[in-house]
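User: I would like to learn how to read contacts and aromatic pairs in a protein model. Could you take me through them step by step?

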Amino acid sequence: MNWTLEVVVVPVSDLDRAKAFYADQLGFALDHDTVLGDDVRIVQLTPPGSGCSIVIGKGAVPEMPSGSLKGLQLVVPDLATARTELLERGVEVSEIQILGKNPLPVPDPLDNVGFFFFADPDGNAWAVQQISSRA
């Protein structure tokens, strides 16, 4: 049996600001923006190529303090290109960092150990890791 992670709820304080950040600056696809009444709104966005989406919303999502989610991670095949793309879209990102050492030879020295980091406008923290190929 497969168990797939499909949705992660990201706590934000301003839905429209967060929607613009994730869609316009990060390039996530807007799957839907559903209003179910004055106090219920659900926005789902998916990173390009991902099988897992994020949901931001009010009313029908678990209540968590805005900005409290840390350690979300995206994986890309080319870290330098991804970093440049986000910088060009106005996202503040860290420098590329090497964390650890590869146990086996890899085609690119950044594979598995290359990361950069950013946060959304509420302070939810994200990492971006390079994995250009998998065994």
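Analyst: Let us begin with the term contact, which here means heavy atoms within 4.5 Å. In this predicted model, residues 24 or more positions apart account for 52% of the contacts in the protein chain with a separation of 6 or more.

User: What pattern does the protein chain follow when read along the sequence?

Analyst: The protein chain has two helices and eight strands, and along the sequence they follow the pattern β-α-β-β-β-β-α-β-β-β.

User: How is a pair of aromatic rings described?

Analyst: In general, one gives the distance of the centres and the angle of the planes. The structure holds seven aromatic pairs; one of them, formed by Phe 21 and Phe 118, is tilted, with 6.4 Å centre to centre and 50° between the planes. This pair links distant parts of the chain, since Phe 21 lies in helix H1 (residues 15-25) and Phe 118 in strand E7 (residues 114-119), 97 residues apart.

User: Is Phe 118 buried or exposed, and which pair does Phe 118 form with Trp 126?

Analyst: Phe 118 counts as buried because its relative accessibility is 5%, where buried means under 20%. Phe 118 and Trp 126 form a stacked pair, 6.0 Å centre to centre with 5° between the planes. Trp 126, at 4% relative accessibility, therefore also counts as buried, as does Phe 21 at 5%.

User: Which residues do ring pairs link into a cluster?

Analyst: The cluster linked by ring pairs consists of Phe 21, Tyr 22, Phe 28, Phe 118 and Trp 126.

Terms used:
Residues numbered from 1 in each chain as written. Predicted model: local features only at pLDDT ≥ 70, side-chain atom pairs only at ≥ 80, totals over all residues. Heavy atoms only, no water. Phe/Tyr/Trp six-rings, centres within 6.5 Å; stacked < 30°, edge-to-face > 60°. Helix = DSSP H or I, 4+ residues; strand = E, 2+ residues; numbered from the N terminus. Buried < 20%, exposed > 50% of the residue type's maximum accessible area, 1.4 Å probe, protein only.
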